[in-house]
Amino acid sequence: MKTLIQKQIQVAKDVYEFLFASYSPKTEREASDAVGFNFLLHWFPVKITKKSLSWHYSFWLGTISLVLFIILSLSGIVLIFLYVPSVERAYQSIKDIEFVVSYGWLIRRMHRWAAHFMVAFVFFHMIRVFLTGAYRSTNVTPQGKRYANWIIGIVLLVLTLLLSYTGYLLPWDQLALWAIVIGANIAKATPIIGDQVQFIMQGGNEIGQNTLILWYAMHIAVLPFIVTALISWHMWRIRKDGGLASVDSLGVKKEGGEPVKSKTYSLMGIAKGVRPSISYHKVAGETVHAIPAVLTRMMIVTVFTVGFMTFLSIFFAVPLEEPATTEWTPNPAKAPWYFLWLQELVSITTIRVPLINLGIFSIPPFTINGGFLGGAVIPGLVVGAALMWPQFDRSPESAVGVWFHKSRLKQNIVFLIIVLALAILTYIGTFMRGPNWGMFLPWESWPSMPVNF
Amino acid sequence: MEEKQNKTTRKDFLKKLTGYTILGGVIGHTWMYVRSTVPNVLYEPLRRFKIGSPDKYTDGITYLAEERLYIIKEKNEYECVSAVCTHLGCTVNVHQLGSSKEITLPDGKKLKQKWEYHCPCHGSKYRGDGTIYTGPAPENLPRFTLSVSPDNQLVVDRNKKVKKDFRLKV
Amino acid sequence: MKIKDEILLFSSGIVILILTFLAFGKDGFAEWKGVQSEFLDIAEAKIGEKRAKEFQTGIQMIWVPEIKVVDRCKTCHMAIDIPGFESEKQPFSTHPNLEQWNETHPFKNYGCTTCHGGQGFAVTTKEAHGNVKHWERPLLSNDMAKEYGFNKASELMEVNCNSCHRRETDTPGMPNINMAKKLIQDKNCAQCHIMDGKNGGTLGPEITYVGSKHPETFGFDGVEGKRSVMNWHIQHFKLPAKVSKGSIMPPFGFSDEEIRALSILVMSWRKVKVPMEYVPYKRD
C-alpha cells in the first residue's frame, strides 16, 4: 500500500514536470529543448536577440493586444452562458448579470473594458509598426515578407472594429440600438445598392430579432474564428519574417568555418581533400535563450494587462441605458467612440449646396451624399492607402525597424497628421457634440436629460 | 562563495513566491468565472413555498393542481405527499375507497386507509400511505416536510423529503 | 531606469493577487448580505430563534411573467409580508395595512414595483429604488411626493394604481385620481381631446396614452425648475400657453390640489397590457 501511494506521488511529480518543467529550464540544454518539448512554447525560437526584447522598441503592443483578445475570449465564453440573445430577454439577462450573478458585474465590465482597450491598442500597434517602418523586409532577413503581415494586420484591425461593433448591439438598450441604426443608415448611403446593403446588415427591413441573432452569431462564433485564424497566421509570419524588424538594423555577420585541407578516405585508399565545413550568415547581435527571457517579459505584460483590466472593472462601471425602443431616440444618438470619427466625417461631408447661377444655366441645389463620401469613400481611401503604402515606401533598407528614421520623416509626418485628424474627430464627436448634434465647447455644460418625476 | 549562494537562494525564493502569487491570481480568477455560471436565482416556481393557512384545509385529502401535491389533514395533523408518480412522472389520481378499510402491510403492521393513489399512465398503484404495491413504479411517493411560517401559513419545502410517519402538528 | 524583470514579474503577481482579493470582497460583502444578517438578529430578538430560522436567506425574488415583474425587494425587506414588524424601521418593517393589501393585491401575484415603482432587478439600495440615470420608473417615495405637494407617498402612487384601474370611477384608496376623473367629466375635456382612444374633440392632441410619452419628447423650454414630466403637466394645467408654445388651451383656474390630481391622472394613462386575472372589478 505504501509503495502504491509513493508511486502515485512520483506519477504526480512526473506529470508536473511534464507540463511545467520547460518554463523554468535549469540548464542551457533544457532552455534550448524547451521550445521543442512544450506545446505552448512551440512558437518561440530557441534564441532571440537581446534587441528584440527591448521594452521601448515595440512597447509590446502586439502582446498587449493578444492578451486583451484572450481576456475577451475567456470572459466572453462565460457570458455566453449568462446572456440571452432574444429581444424580449436580452436586456433583462444583462440586468441579471449585473445584479444577481456571482461576479457577473466583474466579468461584464472586464469584457467591455478589454474590448475598448483592444480597439485602442491594436490601433497603437499599427501606429508603432508604421513609425518604425517595420512593414518591409530587408536582405538581412531576405526570406521574410513583412508586407504580407502588414496586410494581415490591417485586416485584423478592421475585424477588431467589427467584433466590437457586433458586441455593442447585444445589450439591446438605447445606447446599443441607436448606434446600430446610425451605422445601418450610413451603409444605406452606398449608391445603387444602398438599400440591399442595409437589408443584409440588419437581417431585414428593421433592426429586430433577426438583427440581434445575426450579430450575435457573428460576434461569438464567425468573427472570433476568423480573428483567431488570422492572429495565428500573423504570429507564424513573425517567425518566418525573422522576428521583429528591429533585428534588421543589426546587420549580418558571417560565421562558421573555412574549408580546411585534410586527409580524407576513399574506397581502398587515402585521398587529399577538404573537411566538411559549414559557413553561414547570422544576424549580428547578442542573443539570449528565448526561454525564460521572452517568457518572463510576456508574463509581465500579461499579468499587468489583466491586472489593469481587473482594476478598471472593480472601480469603474460600464453603461446600460433604457431598454431599446424605437419610440424615442436618445439625444444625442451616437456611434461607439471608435466610429465617431466616421460619424463626424459624415456630418462634415454632408453639404447642402445651394442653387448655383451660372448665367446661361444654373445648377439646381443638391446635397453631397455625406453618408457615402464620409462614411465609405474617405474611410475606404484611408484603409486602402494604409494597405498599399509599403509598395510606395522608397526609403533605404536601413530605415526598417528604426524609430523615426530620417529618410522616412515625410511619410511619418503625413501619417501622424492623419492619426491626429482621426483623434481630433473622435474627440469632437465624443465630448463636443451634445444634444441635437450641437457643438458644445469643452467648458460648456450639456442640458440634463428630463425625467418622469 | 557564500554570498553567491545566498543570492541564488534569494533569487529562487523570489521566483517561487512570484509563481505562487500569479498562481493565486489565476486560481482566483478561474474560480470567479466558473462560480458565475452557477445560478443564484432561478426563474422557476419556488422550491419552498406557502400553501395557505392551515384552517382553509378540510379534513381528508386536498389536491393542489399547480404544485402537484396532495395535502392530507387529520384533526390537527398535516401530511404532504407528492402527486408525481415515481415511474415516469405522470400525475397520480386519488381513488376513494368509499369507506375506511384496514389492510395488512408486508411488514405485518396494519394500515387504515380511505383512499389509494392510482397512476393512469402505466398502472402503478400506491396504498393510502403512498407506498407502492403494484405496477412499474420503483419507489414510494415522496413526501415533503411541512412547517408553519411566521405569518401562520403552511410551508412546503421540496428540498427536504421526510419519511411516511412525518406529521405536522398545528 | 532599468528594473529587473524578476522584480517586475513579482510586483505584477502582487498586484493581481490584491485585485483578486478586492474583487472577492466586493462580491462577497454585498450590501444585501449585511442587511439580511442585521434583520435576522432583530427577528431572533422579536419572535425567538426557532421561528427566526424560518426566514430564507439569499436573494429573494417575486417573478410574475404575466405582468413582466421581476422584483427582488424582499431580499432586504424581509418582513414586508410578515405581520408583527410594524414598529421596526425600514427596511425591516411590515407593509402598512398588510392584510388589506395582501388580500386585494397579493404580493406574490403583483410584486412590489407594480405599485411602488423602482428597479426590481437590482439588489443595492440606490439601484433598486431606481432614482438613477436611465431608469424611467423610480420609487415613488414620501420625499418625492412631498416635493410635488402631496402629503405622503401613497398619494403620488395613485399614478400607478390608475394604470390598471383606469376604467373605474370612485375606486377606494384613490382619492386624488377619483377627484381628477370627476373634474374631467365636469369640465368636459373630451370637447377638445380624445382620451379613450375613440371619442372626443380634435382641437387638442389625442391624449389617450400621454402617460407613455417619453420625457425626451416633451418641450421643456417653458418649464421652470426641475425638468420632469410631472412638473411639465403641473405647469401646463396652470397656464398651458407658457409651457406649450402656441397652445389655445385656456387656463381653467384649477386649485393646486386639483392640478396635482389631474397631473397624476394623465401620467397614469400608459399603454399597459392587463391580463384577464388582473382586470379590476368592483367587489360587492
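## The interface between chains B and C

Buried area is the accessible area that two parts lose on being put together, summed over both. In this predicted model, chain B and chain C bury about 2,100 Å² between them. Carbon and sulfur atoms account for 70% of that area. Three residues, B:Tyr43, B:Arg48 and B:Pro150, supply 30% of what chain B buries against chain C, more than any other three residues.

Chain B puts 23 residues into the contact, and chain C puts in 24 residues.

## Salt bridges

Side chains of opposite charge can pair when their charged atoms come close. Between chain B and chain C the count is one salt bridge. A salt bridge joins the side chains of B:Lys50 and C:Asp81, at 3.7 Å from N to O.

Over all chains, the structure holds 27 salt bridges. One of them pairs the side chains of C:Arg72 and A:Asp96, with 2.8 Å from N to O. This pair crosses between chains. C:Arg72 lies in the loop between strand E2 (69–71) and helix H4 (98–104) of chain C, while A:Asp96 belongs to helix H5 (residues 90–99) of chain A.

## Two helices in chain A

Within chain A, helix H7 (residues 146–169) packs against helix H10 (residues 209–240). Their axes are 9 Å apart and form an angle of about 155°. Angles over 145 degrees count as roughly antiparallel, and H7(A) and H10(A) are therefore roughly antiparallel to each other.

The crossing of these two helices, H7(A) and H10(A), is left-handed. By class, the residues in the contact of H7(A) with H10(A) are 20 nonpolar, seven polar and one charged.

Note on methods. Residues are numbered from 1 along each chain as its sequence is written. Chains are lettered from A and ligands numbered from 1 in the order in which they are written. This is a predicted model: local features need pLDDT of at least 70, side-chain atom pairs count only at pLDDT 80 or more; totals for chains, interfaces and linings use all residues. Side-chain values use heavy atoms; hydrogens and water are left out. Axes are lines fitted to C-alpha atoms, for helices over the stretch in contact, and angles run from 0 to 180 degrees between N-to-C directions. Helices (H or I, at least four residues) and strands (E, at least two) are DSSP runs, numbered from the N terminus. Angles under 35 degrees count as roughly parallel, over 145 as roughly antiparallel, 65 to 115 as roughly perpendicular and the rest as oblique. A crossing is left-handed if the near helix is turned anticlockwise from the far one by less than a right angle, and right-handed if clockwise. Ala, Val, Leu, Ile, Met, Phe, Trp, Tyr, Cys and Pro count as nonpolar, Asp, Glu, Lys and Arg as charged, and the others, Gly among them, as polar. Contact means heavy atoms within 4.5 Å. Buried area is the accessible area (1.4 Å probe) that two parts lose on being put together, summed over both. A salt bridge is a side-chain nitrogen of Lys or Arg within 4 Å of a carboxyl oxygen of Asp or Glu.
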